[in-house]
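The following report describes selected features of one structural model. It is arranged by topic.

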Amino acid sequence: MTQSPPTAPPGQALGSALRWLGIVPFVLFATLFLLLPTMKIVLGAFEAPDGGFTLAHVMQLFDGPIPDYYLISIKISLASSAMGCLIGFAMAAAITLGGLPRGIRAPLLTFSGVASNFAGVPLAFAFLATLGRLGLVTVLLRDWFGINIYAPPISFNLLSFSGLTLTYMFFQIPLMILIITPALDGLKREWREAAEILGASGLQYWRMVALPILTPALLGTFALLFANAFGAVATAYALTGSSLSIVPIVLFAQIRGDVLQDPHLGYALAFGMIVVTGIANGLYVWLRARSERWMK
Amino acid sequence: MTRIWSWIALTFGLIYFALPLIGTVEFSLRMRRGEYSFDAYRKVLADPRFQETFSYSVVMALATIVFGVLLVVPTAYWVRLKLPRLRPYVEFLTLMPLVIPPIVIVFGYLRLYNTSSWLPLTGTTMGTNLLLMFGYATLSLPYMYRAVDTGLRSIDVGTLTEAAQSLGAGWVTILARVILPNVLVAVLSGAFLTFAIVIGEFVLAALLNRPAFGPYLQLMGANRAYEPAALAVIAFAITWACMGLIQLVSRFTRHGRTA
């Protein structure tokens, strides 16, 4: 190390030990409240009642209704992140490259900061008040246009796949805007000019230059949004109670003791969640590293 | 042509964001039949359970912020000054709460720190409160650490430390009177974000069975019609205030530096 340590008061030998002492509180905290709890879950998922190793709990994940819980969770997370990416990207592109008045950008980014943090129980209330059976939009559509979205052929239900997806988008879109705006700012004007000089149309520039550069960032953000939706409990619980069986809600009910089954099923469910979000975030880290090569 | 598409995208997005907010405000005013009134808000604010749970969550948020600052600022400072090689690992640790869902973390707490374990934190009210605070500190760790670390990047930690030491300052003095004032803006934005996260948090408080604002919100939602909308408006206002304060603080310093 080139940085010479400043003359530490307790002397040279102690100084080197002190250096490591400095991060002991943090390491202790992370171990006790982050690493050990996670390890407890992972180990518990593989622990037999007699303390030995078993795959029985994890195999339960592929049994009965549980694969369906994961499937609907993954579907909602995929759909809400896909829509979040799409709309968020369109809005971010509009404020960075779209030639809109400059005054729009800062307020929209501030609002995105607010909306991406406006999740949980209050968000569920907001959508119930808007698209619930007596919600503003439901009532207006009925009174003004004679459309009842709760009747066939629409048969909308807020407490369903489409309803939850629509609700999650409220924090997914702003998160996308916040993450992707810097990436869009990083698109160099020279690239566009070079493409135009070579005779590329606007569409060709996007398809053959901009999107390939942005792809890692887009996919990476998608992975982050996915994990974000997959782990969310409060919004879904406040919207649907326990009526929609997505994984976090089932796990919540298990922990609460509403469903008295094998206690190790809880470990296995939680372990499955770690695996899914772990894969999504591993993808994020990897793609992020790739995309940053272009952003210098 | 591009501009038209931009306006379309923006308008579409704004409608999507505006409708739930308008809908919530409108719904919260509908309590009295036939006319708009603030009855729902009056009911909510007069509810002793609201006052109790809200003040409980505010206290928890403040405690979390104090603990988070005491944990993160010295650590980030120390890693930058003395252990720069450890930075990627520490950063990875601080980002882990984004990977592991909160419900999994709190499940681990319940299994590790229950009454029959080696550290029976959930055995007493104070212990459970402490555990909840540690949980909140874990949830806010990614935001707090990133904010403080970014703040530290903009100052010359090494030189400041040496200057303070040559004037006879000890570590506590350096941290409290040299480093902290220099990263105060970063610390404050981390603090406001922590506040916004903690105040409405549901899963940890519900599963640790503490009387926080989040579980109260959920309970109201399950039993009442108009009050939840009023509560949602209040919660949105709080989130907005926190983000507004972050903006204000960072703008304030930018002006301070140019002056």
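For "transmembrane region", an unreviewed UniProt entry lists residues 17–36, 76–98, 118–141, 161–184, 204–227, 234–255 and 267–287 of chain A; UniProt positions follow the numbering used here, feature names are shortened, and annotations may be inferred rather than shown by experiment. The model is predicted: local features require pLDDT of at least 70 and side-chain atom pairs pLDDT 80 or more, while totals for chains, interfaces and linings use all residues. Residues are numbered from 1 along each chain as its sequence is written, with chains lettered from A and ligands numbered from 1 in the order in which they are written.

Two of the listed spans are described below; helices (H or I, at least four residues) and strands (E, at least two) are DSSP runs, numbered from the N terminus.

| Span | Distance between end C-alpha atoms | Helix | Strand |
|---|---|---|---|
| Residues 76–98 of chain A | 30 Å | 91% helix | 0% strand |
| Residues 118–141 of chain A | 26 Å | 71% helix | 0% strand |

Helix H8 (residues 161–185) and helix H10 (residues 202–230) of chain A pack with their axes 10 Å apart, at an angle of about 150°. Axes are lines fitted to C-alpha atoms, for helices over the stretch in contact, and angles run from 0 to 180 degrees between N-to-C directions. H8(A) is therefore roughly antiparallel to H10(A), a term for angles over 145 degrees. Residues in contact (C-beta atoms, placed from the backbone, within 7 Å) include Tyr168(A), Gln172(A) and Leu175(A) of H8(A), and Leu214(A), Ala217(A) and Thr221(A) of H10(A). By class, this contact has 10 nonpolar, 3 polar and no charged residues; Ala, Val, Leu, Ile, Met, Phe, Trp, Tyr, Cys and Pro count as nonpolar, Asp, Glu, Lys and Arg as charged, and the others, Gly among them, as polar.

Helix H12 (residues 247–256) of chain A is mostly covered, with 8 of its 10 residues buried. A residue is buried if 20 or more other C-beta atoms lie within 10 Å of its own, exposed if 12 or fewer, and partly exposed in between. Among the buried residues of H12(A) are Pro248(A), Phe252(A) and Gln254(A).

Between the chains, 63 residues of chain A are in contact with 66 residues of chain B. Helix H2 (residues 24–45) of chain A supplies the largest share of chain A's side, 12 residues. That side comprises 43 nonpolar, 18 polar and 2 charged residues.

In chain B, Asn209(B) lies in the loop between helix H10 (203–207) and helix H11 (213–223). Its phi is near 65°, a positive value in a residue other than glycine. Asn209(B) counts as partly exposed because it has 14 C-beta neighbours inside 10 Å.

How values were computed: Contact = placed C-beta atoms within 7 Å. Parallel < 35°, antiparallel > 145°, perpendicular 65-115°, else oblique.
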